[in-house]
Amino acid sequence: MPKTAPTPDTSVEAQLGEILEHLRRMDARDKLRTWGGFVRGIIAIIPLILLLWSAWYFVEHGAEMMKMIADTAASSAAEYTKGQGQSMVDELMKQYSTPPAR
């Protein structure tokens, strides 16, 4: 609906009716904006809830997680050194062993 300025020859009742119609449309838009703001607010709170929950979980189970990480790191380091260590020892034995007597 194009915006037109009321002409001076329109009656007061017609002008008031036009004002009321504009107010009704503004009220409907404001209701939609209110619901949209509420939904956006809820969506914005979700990351905060996840952050607080993960912090609480880490405080409660942090020691278990650190122990699991340390055990995994120690076992993988042991496997690595076991494979590498044996070949390194063999190489050192070859270099520094005395040659067989002739």
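In which helix is Phe58 found? Phe58 is found in helix α1, and the protein chain holds 1 helix and 0 strands; helices (H or I, at least four residues) and strands (E, at least two) are DSSP runs, numbered from the N terminus. This is a predicted model, in which local features need pLDDT of at least 70 and side-chain atom pairs count only at pLDDT 80 or more, while totals for chains, interfaces and linings use all residues. Residues are numbered from 1 along each chain as its sequence is written, and side-chain values use heavy atoms, with hydrogens and water left out.

**Chain and exposure**

- Helix α1 covers residues 12–96.
- Of the 102 residues of the protein chain, 1% count as buried; buried means under 20% relative accessible area, exposed over 50%, and partly exposed in between (1.4 Å probe, protein chains only).
- Accessible areas come from the Shrake-Rupley method with a 1.4 Å probe, and for residues only the protein chains shown count as cover.

**Salt bridges**

- Side chains of opposite charge can pair when their charged atoms come close.
- The count comes to 5 salt bridges, a salt bridge being a side-chain nitrogen of Lys or Arg within 4 Å of a carboxyl oxygen of Asp or Glu.
- One of them joins the side chains of Glu21 and Arg24, at 3.5 Å from N to O. Glu21 and Arg24 are separated by about one helical turn because they are 3 residues apart in helix α1.
- Glu21 also meets Arg25 in a salt bridge, with an N to O distance of 4.0 Å. Arg25 and Glu21 lie 4 residues apart in helix α1, again about one turn of the helix.
- With 36% relative accessibility, Glu21 is partly exposed. Arg25 is likewise partly exposed, at 35%, whereas Arg24 is exposed, at 53%.
- Asp27 forms a salt bridge with Lys31, and the closest N and O atoms are 4.0 Å apart. Both residues belong to helix α1, where 4 residues, or about one turn, separate them.
- Asp27 is partly exposed at 41% relative accessibility, while Lys31 is exposed, with a relative accessible area of 52%.
- Salt bridges that share partners link Glu21, Arg24 and Arg25 into one network.

**Nonpolar surface patch**

- A nonpolar patch on the surface is formed by Trp35, Phe38, Val39, Ile42, Ile43, Ile45, Ile46, Ile49 and Leu50, which together have about 920 Å² of accessible area.
- Patches are made of residues with over 30% relative accessible area and no salt bridge; like charges are joined within 9 Å, and nonpolar side chains (Val, Leu, Ile, Met, Phe, Trp, Tyr) within 5 Å.
- Ile49, one of the residues in this patch, is placed in helix α1.

**Aromatic pairs**

- There are 2 aromatic pairs. Rings of Phe, Tyr and Trp (its six-membered ring) pair if their centres lie within 6.5 Å; planes under 30 degrees apart count as stacked, over 60 as edge-to-face and the rest as tilted.
- Trp35 and Phe38 form an edge-to-face pair, with 6.0 Å centre to centre and 90 degrees between the planes.
- About one helical turn separates Trp35 from Phe38, because they are 3 residues apart in helix α1.
- Trp35 is exposed, with a relative accessible area of 60%, and Phe38 is partly exposed, at 49%.

- Tyr57 has its place in helix α1 and is partly exposed, with a relative accessible area of 34%.
- Not counting residues up to four places away in sequence, Tyr57 touches Gly62 and Met65, contact meaning heavy atoms within 4.5 Å.
- Phe58 is partly exposed, with a relative accessible area of 43%.
- With residues up to four places away in sequence again left out, Phe58 touches Met65 and Met66.
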